[in-house]
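Trainee: I have a model open and want to learn how to read it. Where do we begin?

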Amino acid sequence: MRMVTRLSTTDHNRDIAGLRYVYPVLSRRAGGLSIGINVNTNNACNWRCVYCQVPNLTVGAAPSIDFNVLADELRFFLNDVIKGDFYERFQVDADKRIIKDIAISGNGEPTSAKEFAALITLIGQIAHDAGILPGINVVLITNGSLIQHVNVQQGLKQLHALGGEVWFKLDSATASGRQKINNTRQSVAQSVRNLRLAAELCTTKIQTCLLDYAGNGYSDTEQAAYLAILREVQDLPRLREVMLYTLARPSLQPEAIYLKALAPEAMQHFAEAIRQLGFKVSIH
Ligand code: SF4
């Protein structure tokens, strides 16, 4: 799920490395510290993307969240960063000593937690108490497959109230592509409905991983289907941006041997086609 690199941890920062739900990330893109929240402590996701970097990924949902532990960890971690010597211990460059965001992104699909809405509320409260909200971004990184559920929608409303945003995974707009890349049978139509729901409730960005799978590149059929979806959602004012990325690190799935990063020219070419539809596009 993650697009960012986990901060390397060594023995002298065992306190941080040992947390169950909270992990520090130095974000390439954000230029600062991202605070990751992982509620999929069982490495379970309802999808199985061929490029997934979750170790021992299993099919399933997040387990029940222990809110006492999560609250303690988040308060402890924020205190360590804001008042403690976290940056020194991790030898973070001076210009990166800033909290950029809280990213709800873990080893699986975060919206599969049945307490998802309460999770967003708690994160918001603690971030306010610590004095970092407003001022930082709160990002939900999701495959978007569960947004039809009322509990998830409540969470997105709260995320919006925090000024946060949804990064919604859309890798393929064909049934066969979604089966092949994401191993999901959820229809394209349901995914588009969920995308609309997300963007009606909260600022939403589409996050798309483009791959060269088995030397086939990114086919014209896939490109045309994807652009057709974007035309369908062009009217949503809170959906204005697409983030394209490709394989940066090896997948931990059995298909890894068939996967290659898509060529930079192909990424640029596709980005331009998306821009023509009026969306902002970034490549990572
Ligand atoms: S949505 Fe895909 S990439 Fe994200 S955790 Fe699930 S299987 Fe991995």
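Mentor: With overall size. The radius of gyration is taken over C-alpha atoms, and the globule rule is 2.2 Å times the number of residues to the power 0.38. Note too that this is a predicted model.

Trainee: What radius of gyration does the protein have, and what would a compact globule have?

Mentor: For 284 residues, a compact globule would come near 19 Å; the protein has 18 Å, which agrees. Along its principal axes, the C-alpha trace spans about 55 × 40 × 35 Å. The chain holds 9 helices and 13 strands.

Trainee: What pLDDT does the protein average?

Mentor: The average is 92, and 93% of the residues score at least 70. Two stretches fall below 50. Residues 1-6 are below 50, with 16 contacts in the model beyond near neighbours in sequence. Residues 8-15 are also below 50, with 5 such contacts.

Trainee: What share of contacts joins residues at least 24 apart?

Mentor: Count contacts between residues at least 6 apart in sequence: 76% of them join residues at least 24 apart.

Trainee: Now the interior. How many residues does the largest nonpolar core have?

Mentor: First the general idea. In soluble globular proteins, nonpolar side chains tend to be buried together. Here, 40% of the 284 residues count as buried. The largest nonpolar core has 73 residues, and those with the most contacts inside it are I102, I123, L159, V166 and A198. Helix α4 supplies the largest share of this core, 7 residues.

Trainee: Which residues does I102 touch?

Mentor: Leave out residues up to four places away in sequence. Then I102 touches I35, I37, I123, A127, I136 and V138.

Trainee: Is I126 buried or exposed?

Mentor: Use the cut-off: 20 or more other C-beta atoms within 10 Å makes a residue buried. I126 has 20 C-beta neighbours inside 10 Å, so I126 counts as buried. I126 sits in helix α4, residues 116-129. Beyond four places in sequence, I126 touches A71, L74 and R75.

Trainee: How do I read a helix with two sides?

Mentor: An α-helix has 3.6 residues a turn, so residues three or four places apart point the same way. Take helix α8, residues 220-232. Its 13 residues reach 19 Å from first C-alpha to last, close to the 18 Å expected at 1.5 Å a residue.

Trainee: Which residues of α8 are buried?

Mentor: E222, Y226 and L230. Seen down the axis of α8, the buried residues fall within an arc of 75°, so they line one face of the helix. On the other side, D220, T221, A224, A228 and R231 are exposed. The cover over the buried residues of α8 includes α6 (175-182) and α9 (264-275).

Trainee: Backbone next. Which peptide bond is cis?

Mentor: The one from L133 to P134, with omega near -5°. P134 lies in the loop between α4 and β7 (137-142).

Trainee: What is the phi of Q91, and what is the phi of N183?

Mentor: Q91 has a positive phi of about 50° although it is not a glycine. Q91 belongs to the loop between α3 (86-89) and β6 (99-104). Q91 is exposed, with 8 other C-beta atoms within 10 Å. N183, also not a glycine, has a positive phi near 50°. N183 lies in the loop between α6 and α7 (188-201). N183 is partly exposed, with 17 other C-beta atoms within 10 Å.

Notes:
Residues numbered from 1 in each chain as written. Predicted model: local features only at pLDDT ≥ 70, side-chain atom pairs only at ≥ 80, totals over all residues. Helix = DSSP H or I, 4+ residues; strand = E, 2+ residues; numbered from the N terminus. Buried ≥ 20, exposed ≤ 12 C-beta atoms within 10 Å, placed from the backbone. Contact = placed C-beta atoms within 7 Å. Expected span 1.5 Å × (residues − 1). Arc of directions from axis to C-beta. pLDDT = per-residue confidence, 0-100. Core = buried A, V, L, I, M, F, W, Y, C linked by C-beta atoms within 7 Å.
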